[in-house]
Amino acid sequence: MLRAIFSAVMVLFLLFFGVMCGLKAYDIPLDAGWNLISLPVQPLEGDISGQTASIAGKFTKLLAREGGSWKIYDPANASLSDKLALEPGKGYWISMSSAG
């Protein structure tokens, strides 16, 4: 509960004062083909389309193993995808059509 309140207060602070305080951007280099990645921090964007916006058009699929089954995000068929967000510390396979 405290973490959620702190996050909400930080977002309001950033919106009203436009101050980037304690936030870091992480670039993860991706090669063409399959890449195994993990996020070191919680993304600011809440949904997977926002989280992958910087590589839109460069990847074809994202796979995650959760609860004994595979979850998929396919940007070409987002409404049929069952992976809705990326979480820190978990592994993801991402298929890139070109480096990004």
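Reader: Is Glu-66 buried, partly exposed or exposed, and what is the general idea behind such a label?

Author: The label follows from relative accessible area, where buried means under 20% and exposed over 50%. In this predicted model, Glu-66 has a relative accessibility of 22%, so it counts as partly exposed.

Reader: Which residue does the side chain of Glu-66 meet in a salt bridge?

Author: A salt bridge is read from the distance between a side-chain nitrogen of Lys or Arg and a carboxyl oxygen of Asp or Glu, which must be within 4 Å. Here the partner of Glu-66 is Lys-83, at 2.3 Å from N to O. This pair links distant parts of the chain, since Glu-66 belongs to strand 2 and Lys-83 to the loop between strand 3 and strand 4, 17 residues apart.

Reader: Is Lys-83 buried or exposed?

Author: Lys-83 is buried, because its relative accessible area is 4%. Lys-83 also forms a salt bridge with Glu-87, with the closest N and O atoms 3.8 Å apart. Glu-87 has a relative accessible area of 32% and is therefore partly exposed. Through shared partners, salt bridges join Glu-66, Lys-83, Glu-87 and Lys-90 into one network.

Reader: Which backbone atoms does the side chain of Ser-81 reach?

Author: The side chain of Ser-81 reaches the backbone nitrogen of Asp-74 at 2.8 Å and the backbone oxygen of Asn-77 at 3.2 Å. Ser-81 is found in the loop between strand 3 (69-73) and strand 4 (91-96), and it counts as buried because its relative accessibility is 11%.

Reader: Which residues make the nonpolar surface patch?

Author: Trp-34, Leu-36, Trp-70 and Trp-93 make a nonpolar patch of about 480 Å². Among them, Trp-34 is placed in strand 1 (residues 33-38) and is partly exposed at 48% relative accessibility.

Reader: What pLDDT does the protein average?

Author: The average is 81, and 76% of the residues score at least 70. Over residues 1-6, however, the pLDDT is below 50, and this stretch has zero contacts in the model beyond near neighbours in sequence.

Methods. Residues numbered from 1 in each chain as written. Predicted model: local features only at pLDDT ≥ 70, side-chain atom pairs only at ≥ 80, totals over all residues. Heavy atoms only, no water. Helix = DSSP H or I, 4+ residues; strand = E, 2+ residues; numbered from the N terminus. Buried < 20%, exposed > 50% of the residue type's maximum accessible area, 1.4 Å probe, protein only. Polar contact = N/O pair within 3.5 Å; in protein donor to acceptor, adjacent residues only side chain to side chain. pLDDT = per-residue confidence, 0-100. Contact = heavy atoms within 4.5 Å. Patch = residues over 30% accessible without salt bridge, like charges linked within 9 Å, V, L, I, M, F, W, Y side chains within 5 Å. Areas by Shrake-Rupley, 256 points an atom, 1.4 Å probe, with all protein chains shown as cover.
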